[in-house]
Amino acid sequence: MGTPAWIPAGEHDFGSEGGLYRRLRDGCAQDWVAYTWHPFVQGLSDGTLPLAAFRTYLIQDYLFLIHFARAKALAVFKAESIEAMREKTASIGAILAETSLHLTYCAEWGIPEAVVRGTPESAETVSYTRYVIDRGLAGDILDLEVALAPCTVGYAEVALRILADPKRRTGENPYQSWIDSYGSPAYQAMARAAAARIDALGESHGGAARFRSLSGTFSEAARLEARFWQQGLDAA
């Protein structure tokens, strides 16, 4: 798998020292590295990822976004306050808008909209998205947010690992636009806010007493993220 690019603590880290988010991430360190520095990610960094792998990923990521919006809709129902309901409602609109942008991005990679929409969900997409929704249905808002965090915050860390990678291809990397999207200040700020929300919910919803269960959810979501990358490599 290779040695991951190190992300220094401080401004490029997520969550607060001793907070629930960092405890969850550090509690599954091996699975977290397997996800955030997966061979797929390394291929994005050095530009060697096979095009077929990226195209498979793009299609399934579109299908994933649809269920991600559904999970956010569930978060509205599970939200602990009217302010949280407003925030989650806004995020649903943002994700739905992203699906349209995603179709445009797929077209730029030679994948027509009809192909994207006509492709069935892979087993990896089904298992991951339904797992997240199931955790939300079975538990409360903290269970759901913890299941979502490896995607939201993990992609920000993936981008930072790539940007810190000494082997990163900085000239004419075909995947630079993808890296730029998740390395952007706007996305990084959103990810930091998501990690801070996990910390806050941990305080208000008994995260310390529930840590074992929450850690299991977070770890499983990280493993499912790694499998989501792997399906692209398998297809190539």
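1. Let's start with a cysteine. Cys106 has 0% relative accessibility, so it counts as buried. Keep in mind that this is a predicted model. Cys106 is listed among the buried residues of H5, and that helix runs through much of what follows.

2. What about a bond from that sulfur? The closest cysteine sulfur to that of Cys106 is in Cys151, 16 Å away, which is too far for a bond. With a cut-off of 2.5 Å between sulfurs, the disulfide count comes to 0.

3. Now for H5 as a whole. The helix covers residues 82-108. Its 27 residues reach 40 Å from the first C-alpha to the last, close to the 39 Å expected at 1.5 Å a residue. After the helix comes Gly110, with a positive phi near 80°.

4. Which residues of H5 are buried? They are Ala84, Lys88, Ser91, Ile92, Ile95, Thr99, His102, Leu103, Tyr105 and Cys106. As for partners, the buried residues of H5 pack against H4, helix H6 (113-118), H8, H9 and H10.

5. Leaving aside residues up to four places away in sequence, His102 touches Leu58, Asp61, Tyr62 and Leu65. The stretch 51-78 is helix H4, one of the elements that the buried residues of H5 pack against.

6. Then there's the largest pocket, with about 910 Å³ of space. It is lined by 36 residues, and those closest to its centre are Phe68, Glu98, Tyr182, Tyr187 and Met190. By type, the lining divides into 23 nonpolar, 5 polar and 8 charged residues.

7. Where does the lining come from? At least two residues each are supplied by helix H4 (51-78), H5, helix H8 (141-164), helix H9 (176-183), helix H10 (185-204) and helix H11 (211-235). H5 gives the most, with 10 residues.

Methods
Residues numbered from 1 in each chain as written. Predicted model: local features only at pLDDT ≥ 70, side-chain atom pairs only at ≥ 80, totals over all residues. Heavy atoms only, no water. Helix = DSSP H or I, 4+ residues; strand = E, 2+ residues; numbered from the N terminus. Contact = heavy atoms within 4.5 Å. 1 Å grid on protein atoms, 1.4 Å probe; cavity = no way out; pocket = protein on both sides within 12 Å on 5 of 7 lines; lining within 4 Å. Points joined across faces, edges and corners; volume = space filled by probe spheres on them. Nonpolar A, V, L, I, M, F, W, Y, C, P; charged D, E, K, R; others polar. Expected span 1.5 Å × (residues − 1). Buried < 20%, exposed > 50% of the residue type's maximum accessible area, 1.4 Å probe, protein only.
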